[in-house]
Amino acid sequence: MRVIAVIVGAVLLLGGGALVVAADQQRLAALAAARAAVAETRERLETSKAVNYELAETLTALRAQIAEQEKQLADTTGLLQ
Amino acid sequence: MLAVVVSVAVIVVAGAIERADGLDTERAEAIAELRTLAVSARDAAQRTDYLEGAIGIAEDDTADRAAVLAVRPAFVAEIAALSEALGRADGRVDTTADRASALSAQQAVLAELSDPAVVTNATATVHALTAKIDGDVAAWQTAQQSRRGSVPAGPAWASSGPDGYARVRAALDRVGGGGIGLYESESCAGGTAPACANSDGYIKYRADIANWSVDRLNWAMAHELAHIYQFRVWGALHSSSAYQTMFGGDPEFLANCMAVVRGFRGSVGCSVDQQAWASGIWVGAVR
């Protein structure tokens, strides 16, 4: 009788330990996935910022060019007064 | 033995719970950071879209303005040619309407930012105006030369010079005397009258009136032109009782009233009836 009790107790102990280990593995995997997503999103954000910076520089240059062109178009030199 | 086992079990379970709690906390923090980063990344992507769209529009605007600027020099050159033509026409032909048309075209060009066709059309318009003005001046010069060959002989001007003559000529043209001969002469009433009309159908003027103001010159030419029209109905005019009654048989008074009818008001007032009667002389009617 005692032997049976010991065996059952050991089985339960091993089963409980296995469950705890499995749950721990799942938590670790979920944490790793979240961190990977953070890293990927951060990289995407940095890339977008770099692209936006270049686009903003291009837009600024174009607007300066437009302002210069409109200044030339508004020039009345040589026209009837 | 049992107490030891229980104690070990409690310690192991507490450790497991603490580790699980720590992992959950770290994951929650990572997810919160991920959310913040995702919002920022979405904003950045939207800004990228906006910037790309704005650049596309700006590139189109730049190309449009460059196209308009490319055809602007041709327009300015045409305006310069027109200005020279206006200078040549000054005092010879009335260019008021042509100048207004050119200014209108110029205004359209100044307002245009995107369509080069507007500028090329305006350039063509100004070119046509220049050609028209030059044509008008040539016609005027031809008319002057043909007039100079008729009565009286000799040049059309003396001391007033070509420019002074041109002013008086322009005034006579302006009041409707485009086909009437005009000559400088000191012989009007022995030189006391500034201008006079000859029954042969031409007008003489004294040199100093070339310096009169445009309004006064217009009035003087309208008055002399009225005499030319009086000569055309001279017989009927002098046998008209209304002419005697309303104007006292005075051709000068009638000429003043005829000028008023044409919009050139001198110093003499005319009643409505006098103006109505005088207007008939302009069309050859003596009532």
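Author: Helix 8 of chain B, residues 251–261, is mostly covered, since eight of its eleven residues are buried. Here a residue is buried if 20 or more other C-beta atoms lie within 10 Å of its own, exposed if 12 or fewer, and partly exposed in between, with C-beta atoms placed from the backbone. Helices (H or I, at least four residues) and strands (E, at least two) are DSSP runs, numbered from the N terminus. This is a predicted model, in which local features need pLDDT of at least 70 and side-chain atom pairs count only at pLDDT 80 or more, while totals for chains, interfaces and linings use all residues. Residues are numbered from 1 along each chain as its sequence is written, and chains are lettered from A and ligands numbered from 1 in the order in which they are written.

The buried residues of helix 8 of chain B are L254(B), A255(B), N256(B), C257(B), M258(B), A259(B), V260(B) and V261(B). What covers them includes helix 5 (214–232), helix 7 (241–247) and helix 9 (272–282) of chain B. Just beyond the end of helix 8 of chain B, G263(B) adopts a positive phi of about 95 degrees.

Consider next the packing against helix 5. Two packed helices are described by the angle between their axes and the distance between the axes. For helix 5 and helix 8 of chain B, the angle is about 120 degrees and the axes are 8 Å apart. Axes are lines fitted to C-alpha atoms, for helices over the stretch in contact, and angles run from 0 to 180 degrees between N-to-C directions. Helix 5 of chain B contributes W219(B), A222(B), H223(B), A226(B), H227(B) and Q230(B) to the contact, and helix 8 of chain B contributes P251(B), L254(B), A255(B), N256(B), M258(B) and A259(B). Two residues are in contact if their C-beta atoms, placed from the backbone, lie within 7 Å. The residues of this contact between helix 5 and helix 8 of chain B comprise eight nonpolar, four polar and no charged. In this count Ala, Val, Leu, Ile, Met, Phe, Trp, Tyr, Cys and Pro are nonpolar, Asp, Glu, Lys and Arg are charged, and the others, Gly among them, are polar.

V175(B) and G263(B) are 88 residues apart in sequence, yet their C-alpha atoms are 9.1 Å apart in space. V175(B) belongs to the loop between helix 4 (161–174) and strand 1 (181–184) of chain B. V175(B) counts as buried because it has 23 C-beta neighbours inside 10 Å. Leaving out residues up to four places away in sequence, V175(B) touches N218(B), M221(B), A222(B), L225(B), R262(B) and F264(B).

The three strands of chain B form an open sheet in the order 1-3-2, with mixed pairing. The edge strands are strand 1 and strand 2 (195–198) of chain B, each of which pairs on one side only. Two strands pair if DSSP finds at least two bridges between them. Strand 1 and strand 3 of chain B pair in the parallel sense over four bridges, whereas strand 2 and strand 3 (residues 202–205) of chain B pair in the antiparallel sense over four bridges. Helix 4 of chain B packs on the sheet, touching strand 1 and strand 3, and its direction makes about 150 degrees with that of strand 1 of chain B. Helix 5 of chain B also packs on the sheet, touching strand 2 and strand 3, with a direction at about 20 degrees to that of strand 2 of chain B. In a regular strand the side chains alternate between the two faces of the sheet. Both faces of strand 1 of chain B are covered, with G181(B) and Y183(B) buried on one side and L182(B) and E184(B) buried on the other.

Finally, the chain as a whole may be considered. Chain B has nine helices and three strands, and buried residues make up 30% of its 287 residues. The mean pLDDT of chain B is 88, and 96% of its residues reach 70 or more; pLDDT is the predictor's confidence in each residue, from 0 to 100.
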